[in-house]
Amino acid sequence: MTEELVRFLKARLDEEADLARRCDGDGCGEWSAHGHTVDFCQVDLSGFHPTIAQHVALHDPARVLREIEAKRRILARHARDPWPCHDLRDLASPYADHPDFPARA
């Protein structure tokens, strides 16, 4: 079961890393919010509620990639556990609605 969950988590992290890299076409990586506007480095998009703009900016590609690397380190520490430990289950929990989510996770 642990191997199945590890494969599942690695696939999700790979997907998220790929998406973050594709969102950072200009290599800037860091987005910022200014009131109703999100600065995506080469273009500003306005019309957001300021709270939503901050939320979007918080998920800039550079931060997402750092978070993925941290999750990969946690995954590596627990990948050989005989049964999915609480840390692996916690890492998997955001993906519970994914069609490939392991049934016994």
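Visitor: What relative accessibility does C28 have, and how is it classed on that basis?

Guide: The model is predicted, so local features need pLDDT of at least 70 and side-chain atom pairs count only at pLDDT 80 or more, while totals for chains, interfaces and linings use all residues. Residues are numbered from 1 along each chain as its sequence is written, and side-chain values use heavy atoms, with hydrogens and water left out.

C28 has a relative accessibility of 32% and therefore counts as partly exposed; buried means under 20% relative accessible area, exposed over 50%, and partly exposed in between, with a 1.4 Å probe and protein chains only. The structure holds one disulfide, defined as a pair of cysteine sulfur atoms within 2.5 Å. The disulfide joins C28 to C41, with an S to S distance of 1.5 Å. The two cysteines are 13 residues apart and link distant parts of the chain: C28 sits in the loop between α1 and β1, and C41 in the loop between β2 and β3. Helices (H or I, at least four residues) and strands (E, at least two) are DSSP runs, numbered from the N terminus. C41 has a relative accessible area of 29%, so C41 too is partly exposed. C23 is in no disulfide, and the nearest cysteine sulfur, that of C41, is 12 Å away. At 41% relative accessibility, C23 is partly exposed.

C28 also has a neighbour of interest in D24. The backbone nitrogen of C28 lies 3.1 Å from a polar atom of the D24 side chain. D24 is in the loop between α1 (2-23) and β1. D24 is buried yet has no salt bridge, and the nearest side chain of opposite charge, R21, is 8.7 Å away. A salt bridge here is a side-chain nitrogen of Lys or Arg within 4 Å of a carboxyl oxygen of Asp or Glu; Lys and Arg count as positive, Asp and Glu as negative, and His and the chain ends are not counted. Leaving aside residues up to four places away in sequence, D24 touches G29 and P61, where contact means heavy atoms within 4.5 Å.

Two bridges join β2 (residues 37-39) to β3, and V38 stands opposite L45 in β3.

Key. Two strands pair if DSSP finds at least two bridges between them. A polar contact is a pair of N or O atoms within 3.5 Å; within protein, one must be able to donate a hydrogen and the other to accept it, and residues adjacent in sequence count only if both atoms are side-chain atoms.
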